[in-house]
Amino acid sequence: MPRYVLVVEDDPDIAESLRYNLQREGLETRLAASGEEGLAEALNQSDPPCLIILDIMLPGMSGLDLCRRLRREPATRRTPIILLTARAAEADRVAGLDLGADDYITKPFSVRELLARVRAVLRRADDDAPEKYEDGRLAIDHADFRVSCGGEPVRLTNKEFGLLSLLAKNVGRVVTRQRLLDTVWGYDYYGDTRTLDVHIRRLRQKLGGCGECIETVVGVGYRFNGCPAEAAGAG
């Protein structure tokens, strides 16, 4: 099931702006207007968020109290948290980071900066992902750079493997074109973005019967859906 970003923010204008911009990045986004509502959403074990953007000044349970509670819960102990607040004092930033937040952004904020920080936090979370992916047909060893489809090894270039690895670590989630380019080619890449499409096409061809595990999300990026044995065999 695709995972999503949870925004806990009581200002409806800010909350909707965040949802609009995050969804343009290909990130499903859900909103909570209070700490209590955010806690219930975050602890939904059947559908957990992949990232929480948390306002500190909330009605009822404060953002800092919610951050402290989330870090005590096994289900959310490692979920990335970005604090969002009008408090710019150093003591407030330190308090939030000491409670276990992964980043801290003050209002008013640049949407471009916030999205860049979201991408950075999600990349760090990817680094903590399992070293192997396996489903009914496709197997990926992220550490040893090995891929097989139906038990047969698949030889990939470094760029092709980087793309597949990043997509597989985000199974069910759309990975934007910009994030793929930033991660696989690096921030200093200013070439033609069609290069990405060429590599994805070659990757699908090399994966053969497992190539359909990569879905094109038009205008946004790509999604890795996995390759169950029955689905792969039917194709």
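This is a predicted model: local features need pLDDT of at least 70, side-chain atom pairs count only at pLDDT 80 or more; totals for chains, interfaces and linings use all residues.
Biologist: Nice. Which parts does that pair tie together?

Modeller: Cys-149 sits in strand β8 (residues 146-149), while Cys-210 is in the loop between α8 (194-207) and β11, so the bond links parts that are 61 residues apart in sequence.

Biologist: And what is the torsion about the S-S bond of Cys-149 and Cys-210?

Modeller: About 90°, so this disulfide is right-handed.

Biologist: Are Cys-149 and Cys-210 buried or exposed?

Modeller: Both Cys-149 and Cys-210 are buried.

Biologist: What about Cys-227? How far is its sulfur from the closest cysteine sulfur?

Modeller: The distance is 3.8 Å, and the closest sulfur belongs to Cys-210. That is too far for a bond, because a disulfide needs the two sulfur atoms within 2.5 Å.

Biologist: Got it. Is Cys-227 buried or exposed?

Modeller: Cys-227 is buried, with a relative accessible area of 5%. Cys-67 is buried too, and its relative accessible area is 0%.

Biologist: Changing topic: how do strands β11 and β12 run?

Modeller: They run antiparallel, and 4 bridges join β11 (residues 214-217) to β12 (residues 221-224). Together they form a hairpin with 3 residues between the strands.

Biologist: Which residue in β12 is the bridge partner of Val-217?

Modeller: That's Gly-221.

Biologist: And which residue in the turn has a positive phi?

Modeller: Gly-219, with a phi of about 80°.

Biologist: Great. Last topic, cavities. How many are there of 30 Å³ or more?

Modeller: The count comes to 1. The largest cavity has a volume of about 50 Å³.

Biologist: Which elements give two or more residues to its lining?

Modeller: Those are α5 (111-127) and β10 (174-176).

Biologist: How many of the lining residues are nonpolar, polar and charged?

Modeller: The lining of the largest cavity divides into 5 nonpolar, 1 polar and 3 charged residues.

Note on methods. Residues are numbered from 1 along each chain as its sequence is written. Side-chain values use heavy atoms; hydrogens and water are left out. Two strands pair if DSSP finds at least two bridges between them. On a 1 Å grid over the protein atoms alone, a cavity is a set of points where a 1.4 Å probe fits but cannot get out, and a pocket is an open set with protein on both sides within 12 Å along at least five of seven lines; lining residues have an atom within 4 Å of a point. Grid points are joined across faces, edges and corners, and a volume is the space filled by probe spheres set on the points. Ala, Val, Leu, Ile, Met, Phe, Trp, Tyr, Cys and Pro count as nonpolar, Asp, Glu, Lys and Arg as charged, and the others, Gly among them, as polar. Buried means under 20% relative accessible area, exposed over 50%, partly exposed in between (1.4 Å probe, protein chains only).
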